[in-house]
Amino acid sequence: MQNTFWFLNTRSHTEDTAVTKQNLTRASGELFRRAPDERFPTLDALLAHCRREKDESEDRWHPPRGLAPEPTPDGRLGLKAGADGLFALNDWSFGQLCGLARVSKETVNRLAPVTAAQVLRETLPGGNKPLQLLTRGEGVRSVHGTAYTRLHNADLVGTLKDYATDFTPPQAGFNGATGLYCGEQDLFAFLIDPAGWAEIEGEAFAPGFFVWNSEVGKRSVGIQTFWFQAVCANHIVWDAVEVIDFSRKHTASVGDALGEIRRHVEQLVRKRDERRDGFLRVIRKAMEQTLGEDAEAVMKELAKHGLARGIAKQAVEMVAGGRFTIFALVDALTRLAQKAENAGDRTALDVQAAAVFALAA
């Protein structure tokens, strides 16, 4: 399937650029694995879901001897947590319980609920250290030991709402996926600043980031920031530069991760503002600086930058009002490049237009 690009760099570039680029596929992987009920259209909708999930969930601490695997009335495997009652296990918490018992999840899953409960009762560890259960309603979301420290998705998304105010999800992918996801096991968000284009070594880039977390131990909490030139319908981020990663495990200091994520977002915003201001200064200069007083002088100047006289003449004739600013001439060359049938001719004109624009830098 052919990719459809939404955000394209507005400046041409050559292959010998000093900027090292890479394509990022993390968001694309999320797009293909998320069910429709895990997708959210806006950050507000995602935050509302996460807050509701946090409010409806409860941590319960019980010693191993207070936990008893038992069949539920509907014939599933459940976990009785002392006087708190019997809770159903989902796929994730069932796998965690099997891990604590050091038995194969696949093997236990093939047994009848009564037999599976007996196997787990005989293999779960003893001792006095309590286990923490995260429950929601009548179900167990996760089972952990004392070393695990939870970071709620609502706290992470709330941080994004406060500090990434100009960032939005990209346009929906070809299958309707949005870039904002939260499921039974984890959260993932893909955000960009569609108005944040700025120049990096002669090319246009916009800022974006991925952020992720799990309340139930599926993955670490982290962020990856970057500057990109294009996003396609598969949510592949193309030609990314300045890619910075941060992640932290859910241990006692995991709460500090929110401050680190905030710092990474603030740094991205600060650099965007600095670069955008610089880019706008160049644009203003290009709109004011002329290459000559008349058409003949301008064509001679364009010839110095490799433009054939015929192309230079066409560009000059396209400039309205006879004021031959750098911006007007670059715009004319860009429009001529778009009309060229041959890809090589389009590329050559783009490179020449970039060279003319560089005169305003």
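Colleague: What is the volume of the largest cavity?

Modeller: This is a predicted model, and in it the largest cavity has a volume of about 80 Å³. The count of cavities of 30 Å³ or more comes to two.

Colleague: What makes it a cavity and not a pocket?

Modeller: The word cavity is used because a 1.4 Å probe fits at its points but cannot get out, whereas a pocket is an open set.

Colleague: Which residues line the largest cavity, and which element gives the most to that lining?

Modeller: The lining is made by Thr225, Trp227, Glu242, Ile244, His264, Gln267, Leu268 and Lys271. Strand S12 (221-228), strand S14 (237-248) and helix H7 (256-288) each give two or more residues to the lining of the largest cavity. H7 gives the most, with four residues.

Colleague: Which residues is Arg272 in contact with, leaving aside its neighbours within four places in sequence?

Modeller: Arg272 is in contact with Asp166, Phe167, Asp193, Gly196, Pro207 and Trp227. Trp227 is also one of the residues lining the largest cavity.

Colleague: Let's turn to the sheet. What is the order of its six strands?

Modeller: The order is S2-S6-S7-S5-S4-S3, in an open sheet with mixed pairing.

Colleague: Why do strands S2 and S3 count as standing at the edges?

Modeller: S2 (57-62) and S3 (67-71) each have a single partner strand, so one side of each is left without a neighbour in the sheet. On average, neighbouring strands of this sheet are turned by 40° against each other, direction ignored.

Colleague: How do you know that S2 and S6 pair?

Modeller: At least two bridges are needed for two strands to pair. S2 and strand S6 (residues 131-136) are joined by six and run antiparallel, so the pairing holds by that rule. Among the partners, Asp59 is bridged to Leu134 in S6. Helix H2 (residues 43-56) packs on the sheet here, touching S2, S6 and strand S7 (139-144), and its direction makes about 35° with that of S2.

Colleague: What makes S6 mostly covered, and how does it pair with S7?

Modeller: Five of the six residues of S6 are buried. S6 pairs with S7 in the antiparallel sense over five bridges, with Thr135 opposite Val140 in S7. The hairpin of S6 and S7 has two residues between the strands, and Gly137 takes a positive phi near 65° there.

Colleague: Why is S4 described as largely enclosed?

Modeller: Four of the five residues of S4 are buried, so the rest of the structure largely encloses it.

Colleague: How many bridges join S4 to S3, and how many join S4 to S5?

Modeller: S3 and S4 run antiparallel and are joined by five bridges, with Pro69 opposite Leu79 in S4. Three bridges join S4 to strand S5 (residues 86-89), again antiparallel, and Lys80 has Leu86 as its bridge partner in S5.

Colleague: Which glycines take a positive phi in these hairpins?

Modeller: Gly75 takes a positive phi near 85° in the hairpin of S3 and S4, which has five residues between the strands. In the hairpin of S4 and S5, with four residues between the strands, Gly82 takes a positive phi near 50°.

Terms used: Residues numbered from 1 in each chain as written. Predicted model: local features only at pLDDT ≥ 70, side-chain atom pairs only at ≥ 80, totals over all residues. Heavy atoms only, no water. Axes fitted to C-alpha atoms, helices over the stretch in contact; angles between N-to-C directions. Contact = heavy atoms within 4.5 Å. 1 Å grid on protein atoms, 1.4 Å probe; cavity = no way out; pocket = protein on both sides within 12 Å on 5 of 7 lines; lining within 4 Å. Points joined across faces, edges and corners; volume = space filled by probe spheres on them. Buried < 20%, exposed > 50% of the residue type's maximum accessible area, 1.4 Å probe, protein only.
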